Amino acid sequence: MESRKSPLRPSNRIVVRDGEFPDVVRLGDPHSQWRDLYHLLLTIPWVGFVALLGMIYLTINVVFAIAYVLGGDCIANSDGTSFINAFFFSVQTMASIGYGAMYPTTTYANFLVVVEVWFIKSWDLCYVKRQIQEIKIAPFDPLTPIRNAP
């Protein structure tokens, strides 16, 4: 009776047991940093992370400021062509600071405020959801170090 050979040789193992937990090896899967953006954000230095967040924040506000300028005179007490006023109005809207003397005056501007607030609040909710997931998962994660362990 002839013994049946395994189709995988030891060098082609899919599961590598080099410690307490097995590591799964992906064969033929091209590696790309963009596939795991969360891991990439966790591994960059703090200075780079803060700079990236600042660039994203400024970019979003610039995009909405351009949209406000394209709407014409849609912000009260502001010149309809002033990019800087539209930019500061966008920052105030995104941060929920309050308008003071500037506020939306047209349906277009009100619609843009709704879109901007929805965008930033959705971003906030995604962050909160991720934090809640980590709180739920962390106590049961076997890779999480136990505090005060001998």
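1. The side chains of Asn 61 and Ser 90 are joined by a polar contact of 2.8 Å. A polar contact is a pair of N or O atoms within 3.5 Å; within protein, one atom must be able to donate a hydrogen and the other to accept it, and residues adjacent in sequence count only if both atoms are side-chain atoms. Asn 61 lies in helix H2, whereas Ser 90 belongs to helix H3 (residues 83-94). Helices (H or I, at least four residues) and strands (E, at least two) are DSSP runs, numbered from the N terminus.

2. The model is predicted: local features need pLDDT of at least 70, side-chain atom pairs count only at pLDDT 80 or more, and totals for chains, interfaces and linings use all residues. Residues are numbered from 1 along each chain as its sequence is written, and side-chain values use heavy atoms, with hydrogens and water left out.

3. Are Asn 61 and Ser 90 buried or exposed? Asn 61 is buried, at a relative accessible area of 0%, and Ser 90 also counts as buried, at 0% relative accessibility. Here buried means under 20% relative accessible area, exposed over 50%, and partly exposed in between (1.4 Å probe, protein chains only).

4. The chain has 4 helices and 2 strands, and from the N terminus its elements follow the order β-β-α-α-α-α. Of its 150 residues, 18% are buried. Among contacts with a separation of 6 or more, 49% are between residues 24 or more positions apart.

5. The mean pLDDT of the chain is 75, and 64% of the residues reach 70 or more; pLDDT is the predictor's confidence in each residue, from 0 to 100. Where pLDDT is low, the predicted coordinates should not be read in detail.

6. Which residues make the nonpolar surface patch? Val 62, Ile 66, Leu 70, Phe 83 and Tyr 108 form it, over about 460 Å². Patches are made of residues with over 30% relative accessible area and no salt bridge; like charges are joined within 9 Å, and nonpolar side chains (Val, Leu, Ile, Met, Phe, Trp, Tyr) within 5 Å. A salt bridge is a side-chain nitrogen of Lys or Arg within 4 Å of a carboxyl oxygen of Asp or Glu. H2 supplies the largest share of the patch, 3 residues. Tyr 108 is found in helix H4 (residues 107-137) and is partly exposed, with a relative accessible area of 36%.

7. Val 114 is also placed in helix H4 and is exposed, with a relative accessible area of 53%. The C-alpha atoms of Val 114 and Thr 93 are 9.5 Å apart in space, while the two residues are 21 residues apart in sequence.

8. Although Asn 77 is not a glycine, its phi is positive, at about 60 degrees. Asn 77 sits in the loop between H2 and H3 and is exposed, with a relative accessible area of 62%.

Note on methods. Accessible areas come from the Shrake-Rupley method with a 1.4 Å probe; for residues, only the protein chains shown count as cover. Contact means heavy atoms within 4.5 Å.
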